Amino acid sequence: MPGDANPAGDIFGGWVMAQMDLAAGIRAGERARGRVVTAAVKEMAFQRPVKIGDTLSIYTSIERIGRTSITLHVEAWAIRSRHGITEKVTEATFIMVAIDEAGQPVAVPA
């Protein structure tokens, strides 16, 4: 939406990162069978802008499961509405930690 963009029509990187964080949280929460929080985001680089009117798709894959953590590779792809082109716009590594209702780390189920 225009409120999520700068005057040139590029979507703010923070908004894109928030969508990636949501996707990572959903996938990690499914795997952890409970609550998760974002512990770290590594190596995020924006390769292309996301423009107003683009459709953003987020893809996740689990790379590693630790005792309490889940490491995911997350990619964001934009479908350019006017051109029918799909381009990867950014990718990052997200580390999520499973927590209990008190906010304390818990083991990820086997």
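Here, a residue counts as partly exposed when its relative accessible area lies between the 20% under which it is buried and the 50% over which it is exposed. Keep that in mind for the first view of this predicted model.

View 1. M17 sits in helix α1, which covers residues 13-32. Its relative accessible area is 32%, and because this value falls between the two cut-offs, M17 is partly exposed. Together with V41 and F46, M17 makes a nonpolar surface patch of about 230 Å².

**View 2. Strand β3 and its surroundings.** Now let us turn to strand β3, residues 69-80. Ten of its twelve residues are buried, so the strand is largely enclosed by the rest of the structure. The next two views look at its pairing with β2 and with β4.

**View 3. The β2–β3 hairpin.** Strand β2 spans residues 55-65 and pairs with β3 in the antiparallel sense, over ten bridges. A hairpin of three residues links β2 to β3. To find your way along the pair, look for L56, which stands opposite A78 of β3.

**View 4. The β3–β4 hairpin.** Strand β4, residues 85-98, also pairs with β3 in the antiparallel sense, here over twelve bridges. Four residues lie between β3 and β4 in this hairpin, and G84 in the turn has a positive phi of about 70°.

**View 5. A78 and its partners.** Which residue of β4 is the bridge partner of A78? That is E87.

How values were computed:
Residues are numbered from 1 along each chain as its sequence is written. This is a predicted model: local features need pLDDT of at least 70, side-chain atom pairs count only at pLDDT 80 or more; totals for chains, interfaces and linings use all residues. Side-chain values use heavy atoms; hydrogens and water are left out. Buried means under 20% relative accessible area, exposed over 50%, partly exposed in between (1.4 Å probe, protein chains only). Two strands pair if DSSP finds at least two bridges between them. Patches are made of residues with over 30% relative accessible area and no salt bridge: like charges are joined within 9 Å, nonpolar side chains (Val, Leu, Ile, Met, Phe, Trp, Tyr) within 5 Å. Accessible areas come from the Shrake-Rupley method with a 1.4 Å probe; for residues, only the protein chains shown count as cover. A salt bridge is a side-chain nitrogen of Lys or Arg within 4 Å of a carboxyl oxygen of Asp or Glu.
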